[in-house]
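I opened the model to look up its overall build, its charge pairs and a few loop positions. My notes follow in the order I made them.

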Amino acid sequence: MLTINSSPLQGFTDFRFRNAFQRFFGGIDQYIAPYIRLNGKLEIKPGNERDILPANNRSLDLIPQIITKDADEFLFVAKYVQKLGYTELNWNLGCPYPMVAKRGMGSGLLIMPEKIDEILARVFAETDIKISVKMRLGYESPKEIFHVLPVLERYRLANITIHPRIGKQLYRGEVDLKSFEECLRQTSHKIFYNGDITSVRNFREMKERFPTINHWMIGRGLIADPFLPSMIKADSPFYPENRYEVFNSFHDALYSSYEEALSGRKHLLMKMYSFWEFFIQSFPRSPKYLKKIKKAQSLSVYREVVKQIIDDEAVNRSFFS
Ligand SMILES: Cc1cc2nc3c(=O)[nH]c(=O)nc-3n(C[C@H](O)[C@H](O)[C@H](O)COP(=O)(O)O)c2cc1C
């Protein structure tokens with residue numbers, strides 16, 4: 001059966017976003033929470049705690065994620081999330097940001113397969129939580145993964161998600177599908193494909209190229225087009241008739257949720273603008289409005305611009321369709 005997971009995006013896919021998304025769009029089997037990172041102390045930050053508290057995630061299936069290069073930290077977070085009732089913890093071996101990778105975490109750890117082995121050996125010996133891994137092909141070279149996969153073969157992982165870029169690329173350039181294909185030959189684990197799925201059409205192309213892959217993870221594409229997962233599940237490129245009403249209600253729910261959480265108009269406007277940098281892709285007739293959102297100094301101006309964006313698109317669509 002085809003499954004679609006929501007990729008974690010720090011700063012975007014927190015519990016407020018996830019709840020609004022689940023309420024209005026769905027199509028997601030499991031949501032991976034943005035990573036938990038400890039700051040040298042065995043202590044969970046209040047923001048991380050709030051994000052994964054079961055009470056804040058009642059309507060969805062959530063898997064917490066950790067980023068670390070330290071077995072003690074891993075075990076601490078594993079026990080913490082188990083106490084909250086979670087049965088799986090995802091390990092981030094993909095984060096490309098130099099601040100993280102240069103410290104040997106995320107994709108920076110991929111050049112040290114023996115360290116990955118050492119950490120997993122302790123984790124598997126000292127906790128019974130299920131472990132899944134989310135990784136890139138490497139940090140410097142797409143060949144690095146071929147030294148890591150044999151290590152991962154020794155452990156009963158729940159699954160591995162591969163985003164076929166290297167850390168150094170950040171999000172630039174193409175995904176390396178040839179290397180991804182080679183990975184499939186070199187692992188017996190359940191694999192999720194992740195990277196640059198943005199439309200039903202390009203999902204279909206990917207599915208055709210990788211017919212054995214049934215598990216997919218989508219990040220930026222589902223913020224840009226929140227209907228995407230359910231359309232992929234329905235194998236249909238058609239939006240529901242009430243597309244813009246649904247988007248509008250989703251937007252309002254997201255807005256209210258952040259209004260409640262953030263102090264001050266500026267923070268709220270910045271937060272909503274960061275979402276609009278993605279949302280605007282669903283409104284191809286309105287790219288100029290993004291600047292207006294950025295410039296909005298008051299909530300009433302912001303709301304007026306959003307209304308214009310949605311109304312313009314809805315009117316144009318019904319006129320031309
Ligand atoms: C702003 C931003 C934040 C991200 N935060 C995380 C994170 O916390 N954990 C993680 O595993 N990946 C993180 N990623 C990577 C995404 O989960 C995903 O692997 C990547 O965007 C490729 O998938 P996509 O093309 O479907 O977006 C982040 C990416 C972006 C752009």
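The model is a predicted one.

**Entry 1: overall build**

I counted secondary structure and got 14 helices and 9 strands. The radius of gyration came out at 20 Å, close to the 20 Å that the globule rule gives for 321 residues, so the protein is as compact as a globular protein of that length. Along the principal axes, the C-alpha atoms fill a box of roughly 60 × 45 × 30 Å.

I then looked at burial and found that 54% of the 321 residues are buried.

**Entry 2: charges**

I located 46 positive and 37 negative charges, and their mean positions are 4 Å apart. Side chains of opposite charge can pair when their charged atoms come close. I searched the whole structure for such pairs and got 14 salt bridges.

**Entry 3: Glu181 and Arg209**

I looked up the salt bridge between Glu181 and Arg209, where the closest N and O atoms are 3.1 Å apart. Glu181 is in helix H7 (residues 177-185) and Arg209 is in helix H8 (residues 200-209), so the pair ties together parts that are 28 residues apart in sequence. Are the two residues buried, exposed or in between? Arg209 has 37% relative accessibility, so I put it down as partly exposed. Glu181 has 29% and also counts as partly exposed.

**Entry 4: Arg303 and Asp252**

I went on to Arg303, which forms a salt bridge with Asp252, with 3.4 Å between the closest N and O atoms. Arg303 belongs to helix H14 (residues 299-320) and Asp252 to helix H11 (residues 243-261), so this pair ties together parts that are 51 residues apart in sequence. I recorded Arg303 as partly exposed at 35% relative accessibility. Asp252 is partly exposed too, with a relative accessible area of 27%.

**Entry 5: Arg285 and Glu313**

I checked Arg285 and Glu313, whose side chains meet in a salt bridge at 3.2 Å, N to O. Arg285 is in the loop between helix H12 (265-279) and helix H13 (289-295), while Glu313 is in helix H14, and the two are 28 residues apart. Which side of this pair is buried, and which is partly exposed? Glu313 has 0% relative accessibility, so I list it as buried. Arg285 has 35% and counts as partly exposed.

I also noted a network of salt bridges that links Asp72, Arg122 and Glu126.

**Entry 6: Asp61**

I found Asp61 in the loop between helix H2 (46-52) and strand E3 (62-63). Its relative accessibility is 40%, so Asp61 counts as partly exposed. What does Asp61 contact, leaving aside its neighbours within four places in sequence? I listed Asp29, Gln30 and Tyr31. Gln30 is 31 residues from Asp61 in sequence, yet their C-alpha atoms are 5.0 Å apart in space.

**Entry 7: helix H1 and what follows**

In helix H1 (residues 15-24) I marked the buried residues as Phe15, Arg16, Phe17, Arg18, Ala20 and Phe21. Just after H1, Gly26 takes a positive phi of about 60°.

**Entry 8: Arg220 and Asp196**

I placed Arg220 in helix H9 (residues 220-224) and noted it as partly exposed, with a relative accessible area of 31%. Not counting residues up to four places away in sequence, Arg220 touches Leu9, Arg165, Tyr171, Asp196 and Phe278. I also took the C-alpha separation of Arg220 and Gly195, which is 8.8 Å for residues 25 apart along the chain.

Asp196, one of the residues that Arg220 touches, lies in the loop between strand E8 (191-194) and H8. Its phi is near 65°, a positive value in a residue other than glycine. At 29% relative accessibility, Asp196 counts as partly exposed.

**Entry 9: Asp235**

Last, I looked at Asp235 in the loop between helix H10 (228-233) and H11. Asp235 is not a glycine, but it has a positive phi of about 50°.

Methods
Residues are numbered from 1 along each chain as its sequence is written. This is a predicted model: local features need pLDDT of at least 70, side-chain atom pairs count only at pLDDT 80 or more; totals for chains, interfaces and linings use all residues. Side-chain values use heavy atoms; hydrogens and water are left out. Helices (H or I, at least four residues) and strands (E, at least two) are DSSP runs, numbered from the N terminus. The radius of gyration is taken over C-alpha atoms; the globule rule is 2.2 Å times the number of residues to the power 0.38. Buried means under 20% relative accessible area, exposed over 50%, partly exposed in between (1.4 Å probe, protein chains only). Lys and Arg count as positive and Asp and Glu as negative; His and the chain ends are not counted. The place of a charge is taken as NZ of Lys, CZ of Arg, CG of Asp or CD of Glu. A salt bridge is a side-chain nitrogen of Lys or Arg within 4 Å of a carboxyl oxygen of Asp or Glu. Contact means heavy atoms within 4.5 Å.
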